[in-house]
Amino acid sequence: MSSQPNGKPSSPTERDAADLKKAMATGALKEANLSSLPPIICYCMASILMTVVNKFVVSGAKFNMNFCLLCIQSLVCVACVALVKKLGVISFRAFDWQDAKAWFPISFLLVSVIYTGSKSLQHLSIPVYTIFKNLTIILIAYGEVIWFGGRVTALTFISFILMVISSVIAAWSDVSSSIVDSVPAISTGVSLNALQTVAGVVKGLNVGYFWMLVNCLTSASYVLSMRKRIKSTGFSDWDSMFYNNLLSIPVLAVFSIIVEDWGTENLSKNFPPETRNFLLMAIVFSGAAAVGISYTTAWCVRTTSSTTYSMVGALNKLPVAASGMLFFGDAVTTGSVSAVGMGFFAGIVYAVAKNNQKKMEARMQADAIIPLANRKP
């Protein structure tokens with residue numbers, strides 16, 4: 001029987017269809033779609049701005065004060081979050097020493113993630129950095145299989161293969177174009193200077209890929225550890241962000257004082273007088289942009305869905321990579337474009353795979369529920 005005597009739909013499918021028709025008739029569906037555009041656009045803009053500004057700050061030929069940079073960003077981030085809380089826009093729990101002790105290892109991992117990311121950005125182009133960040137997804141997925149009983153479907157595995165292929169293409173294109181650019185266009189023979197230049201370029205790329213590998217490993221460790229710790233502490237997104245940045249400040253400050261050169265000469269190299277004010281403004285802006293990414297992420301998930309957010313994250317890789325080509329003159333070659341396109345497609349396949357997996361898990365949970373009418377007393 002498809003409907004009740006009073007004419008109301010009885011099955012869930014009929015009710016969903018009736019709700020959809022009602023939404024289309026009243027225009028509520030159109031309003032919902034339009035309301036989801038601002039958070040999606042804001043999230044994309046914040047992500048692009050954060051990557052571009054960080055690349056601008058660390059791309060100086062003589063910049064070597066990454067710990068100082070990250071410490072300033074964390075200070076700005078904590079100040080912004082505290083200000084927004086005081087204005088009543090957000091709320092999070094007050095500082096507690098027990099929570100701080102429990103969360104400190106996670107904060108230390110975050111420092112490692114951000115530091116290795118800044119070091120890899122210092123040596124690699126934005127498109128290459130963006131593509132290789134996809135490999136972190138693979139590490140996290142298999143980490144969830146080992147420690148949380150997760151599952152990797154066939155379509156998810158295919159997306160992983162595409163990610164690896166895009167990374168190989170990106171590395172090949174990056175190395176070949178860098179070597180070609182370092183060799184003089186007109187040469188009568190192989191000179192010592194040319195060989196030294198090529199050796200310097202290869203060394204710089206090796207350093208960049210080393211930091212990229214460490215960044216992928218630390219990023220996966222951070223995400224998996226944070227997932228486990230959030231369950232035990234009950235932290236919200238804003239709690240996690242507040243404690244992450246607050247606890248990272250002393251770690252970054254100590255490392256900066258011990259490892260980095262705070263002499264007058266080195267400070268002048270890192271912050272040249274002619275660009276010092278603009279550079280400090282960019283660092284402050286990047287710290288505020290971190291708050292913007294956290295807020296727009298929560299806004300995007302709340303207004304749309306986690307599936308839409310994951311799809312937006314996949315699609316966002318294309319404009320982020322394009323920003324590097326546009327603002328920093330990263331090489332636009334067949335290899336680089338192919339790698340970005342492959343990584344873009346791999347992200348879409350991964351988002352679709354996760355969406356299908358969630359639907360399957362929800363269906364299995366629904367099938368496992370015994371209706372009240374069929375239960376035995």
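The crossing of α4 and α5 is right-handed in this predicted model. The two helices pack at an angle of about 125°. Their axes lie 10 Å apart. The pair α4 and α5 is therefore oblique. On the α4 side, the contact is made by Asn66, Phe67 and Leu70. On the α5 side, Ile114, Tyr115, Ser118, Lys119 and Gln122 take part. By class, this contact of α4 with α5 has 4 nonpolar, 3 polar and 1 charged residues.

Helix α4 also packs against α10. Here the angle is about 145°, and the axes are 8 Å apart. The crossing of α4 and α10 is left-handed. From α4, the contact draws on Phe67, Cys68, Leu70, Cys71, Ser74, Leu75, Cys77, Val78 and Val81. From α10, the partners are Trp238, Met241, Phe242, Asn245, Leu246, Ser248, Ile249, Leu252, Ala253, Phe255 and Ser256. The class division for α4 with α10 is 16 nonpolar, 4 polar and no charged residues.

Helix α5 has a further partner in α3, which spans residues 37-58. The angle between α3 and α5 is about 70°, with the axes 9 Å apart. That value makes α3 roughly perpendicular to α5. Asn54, Lys55 and Val58 of α3 meet Ser118, Leu121 and Gln122 of α5. In this contact of α3 with α5, 2 residues are nonpolar, 3 are polar and 1 is charged.

Nonpolar cores were examined next. In soluble globular proteins, nonpolar side chains tend to be buried together. The largest nonpolar core of the model holds 28 residues. Within this core, Val81, Trp103, Trp238 and Tyr243 touch the most other members. Helix α10 gives the most, with 8 residues. A second, separate core has 25 residues. Its members include Val57, Phe132, Tyr209 and Ala282.

Which residues surround tryptophan 103, leaving aside its neighbours within four places in sequence? Its contacts are Met226, Arg229, Ile230, Thr233, Phe235, Ser240, Tyr243, Asn244 and Leu247. Serine 240, one of these contacts, has its place in helix α10. Is serine 240 buried or exposed? Its relative accessible area is 6%, so serine 240 is buried; the cut-off for a buried residue is under 20%. Not counting residues up to four places away in sequence, serine 240 touches Trp103, Ile230 and Phe235. Ile230 and Phe235 are also among the contacts of tryptophan 103.

At the level of the whole protein chain, the secondary structure comes to 15 helices and 0 strands. The chain has 377 residues, of which 38% count as buried. Contacts between residues at least 6 apart in sequence were also considered. Of these, 83% join residues at least 24 apart.

Note on methods
Residues numbered from 1 in each chain as written. Predicted model: local features only at pLDDT ≥ 70, side-chain atom pairs only at ≥ 80, totals over all residues. Heavy atoms only, no water. Core = buried A, V, L, I, M, F, W, Y, C linked by side-chain atoms within 4.5 Å. Buried < 20%, exposed > 50% of the residue type's maximum accessible area, 1.4 Å probe, protein only. Helix = DSSP H or I, 4+ residues; strand = E, 2+ residues; numbered from the N terminus. Contact = heavy atoms within 4.5 Å. Axes fitted to C-alpha atoms, helices over the stretch in contact; angles between N-to-C directions. Parallel < 35°, antiparallel > 145°, perpendicular 65-115°, else oblique. Left-handed = near helix turned anticlockwise from the far one by under 90°. Nonpolar A, V, L, I, M, F, W, Y, C, P; charged D, E, K, R; others polar.
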